[in-house]
Each structure stands twice: as structure tokens, then as C-alpha cells.
Amino acid sequence: MNTAPHVPRWLTDEEQRVWRAYLHATTLLEDHLDRQLQRDAGMPHVYYGLLVGLAEAPRRRLRMTELARKAKITRSRLSHAVARLEKNGWVRREDCPSDKRGQFAVLTEEGQEVLRRTAPGHVEAVRQAMFDRLSPEQQKTLGEIMQIIAEGLEPDEAGADLPWLR
């Protein structure tokens, strides 16, 4: 039986530099996108992502649990967001006929129109903040790196402690 205390694997100076640069860049990027969407559509980036998820779904509808999974947010946070989107007339809820406890979120025509108007400015903000600053090779490398990180943080096994399962 090993009773030796666990020794932390501290980050090297270079790892610390990379980690802090990542945190700084992602915080600034999320803030940039939130400000653009608030200015152009009066919604935060997470709400825009929910509308996009619904727009891409068959018949512009998803079970609430599936929408939470796609958005990577808790069901509680999703419920609050959908309530706000309903208030704006951009989303409506429908009961699931096969499951009395289940509900669908459905993108309305008004929600589709908000996306149509907002998407060009959002895509330009993303392009300007990220893709215009990177070479095609850097874009490919960044995509590969982010895929590796995402796969490591989203295990397939049942019972994983993931926010959208709470």
C-alpha cells in the first residue's frame, strides 16, 4: 500500500505561459462575441448558440435535454435561457407526446429572422477576432488541438460528471 503523499505536477514556466495565454485569449474572445451579440441582437453569446442549435435541428426543434447537451450547459441554465428566449418570441416550448416529463424547444419564425439578421455580423466578428489572425496551417493545428482537448474532457462512459447531465 502506497502511503506517500501525492506530489503535485506543477506547470513548467512554459506550460504556465501557454495556460495563461489560453485563458486570456478565450476570456477576451468570449467577451468580444458577447458584446457584438448584445449590441446587434440584445442577447448573450450562449443564447445565440441555442438559436443556432435549434436552427440546425430537424424541424427546428430539439428535446430540452439534447439542447442542453449540445450547448454544454446545465438543464437549469437552459431552462432560464429558454424562458428568456420565449419572452422575446424567438423560441417556444412544446410538450413531448411520448414522454410526459419531456419538452421540446422550437425555434419560431421570429427566432429564425433574428438569426438571419444577426449571423453576418457574428460571423464577421469571429473571422476578425480569430481566423484573420491565423494562417491556414495555424487554423488546422488549433482545430486539431481543441479536438484533442474536447475529447479528453467529454468522456463517453455513462455516469460522467458533465454539467448538461445535471
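UniProt positions are given here in the numbering used for this chain, with shortened feature names, and such annotations may be inferred rather than shown by experiment. With that caution, the UniProt record, an unreviewed entry, lists residues 15-151 under "domain: HTH marR-type". The model discussed here is predicted, and within it the span 15-151 is 71% helix and 13% strand, with its end C-alpha atoms lying 20 Å apart.

**Nonpolar surface patch**

- A nonpolar patch on the surface is formed by Leu11, Trp19, Tyr22, Leu23, Ile145, Met146, Ile149 and Leu153, which together have about 730 Å² of accessible area.
- Two elements, helix 1 (13-41) and helix 6 (136-153), each give two or more residues to this nonpolar patch, and helix 6 gives the most, with four residues.
- Ile149, one of the patch residues, has its place in helix 6 and is partly exposed because its relative accessible area of 43% falls between the limits of 20% for buried and 50% for exposed.

**Ring contacts**

- The structure holds one aromatic pair, and in this pair the rings of Trp19 and Tyr22 have their centres 5.8 Å apart and their planes at 20°, so the pair counts as stacked, the cut-off for stacking being planes under 30 degrees apart.
- Trp19 and Tyr22 are three residues apart in helix 1 and are therefore separated by about one helical turn.
- Elsewhere, Arg61 lies over the face of Phe104, at 4.7 Å from the ring centre.

**Salt bridges**

- The structure holds 11 salt bridges, and one of them joins the side chains of Arg61 and Glu94, with an N to O distance of 2.3 Å.
- This pair links distant parts of the chain, since Arg61 is in strand 1 (residues 61-63) and Glu94 is in strand 2 (residues 91-96), 33 residues apart.
- Arg61 is buried, with a relative accessible area of 15%, whereas Glu94 is partly exposed, with a relative accessible area of 22%.
- A salt bridge also joins the side chains of Glu113 and Arg116 (2.5 Å, N to O), and these residues both lie in helix 5 (residues 109-129), three residues apart, which is about one turn of the helix.
- Within that pair, Glu113 counts as partly exposed at 30% relative accessibility, while Arg116 is exposed, with a relative accessible area of 53%.
- In helix 6, Lys140 forms a salt bridge with Glu144, and the closest N and O atoms are 2.7 Å apart; Lys140 and Glu144 are four residues apart, about one turn of the helix.
- Lys140 is exposed, with a relative accessible area of 55%, and Glu144 is partly exposed, with a relative accessible area of 41%.
- Salt bridges that share partners join Arg61, Arg92 and Glu94 into one network.

**A buried tyrosine**

- Tyr48 lies in helix 2 (residues 45-56) and is buried, with a relative accessible area of 7%.
- Although Tyr48 and Thr118 are 70 residues apart along the chain, their C-alpha atoms are separated by 8.9 Å.

**Backbone angles to check**

- Most residues other than glycine have a negative phi.
- Against that background, Arg60 has a positive phi of about 55° although it is not a glycine; Arg60 lies in the loop between helix 2 and strand 1 and is partly exposed, with a relative accessible area of 21%.
- Lys72, likewise a residue other than glycine, has a positive phi near 60°; Lys72 is found in the loop between helix 3 (64-71) and helix 4 (75-87) and is partly exposed, with a relative accessible area of 36%.

Note on methods:
Residues numbered from 1 in each chain as written. Predicted model: local features only at pLDDT ≥ 70, side-chain atom pairs only at ≥ 80, totals over all residues. Heavy atoms only, no water. Patch = residues over 30% accessible without salt bridge, like charges linked within 9 Å, V, L, I, M, F, W, Y side chains within 5 Å. Areas by Shrake-Rupley, 256 points an atom, 1.4 Å probe, with all protein chains shown as cover. Salt bridge = Lys/Arg side-chain N within 4 Å of Asp/Glu carboxyl O. Buried < 20%, exposed > 50% of the residue type's maximum accessible area, 1.4 Å probe, protein only. Phe/Tyr/Trp six-rings, centres within 6.5 Å; stacked < 30°, edge-to-face > 60°. Lys NZ or Arg CZ within 6 Å of the ring centre and 35° of its normal.
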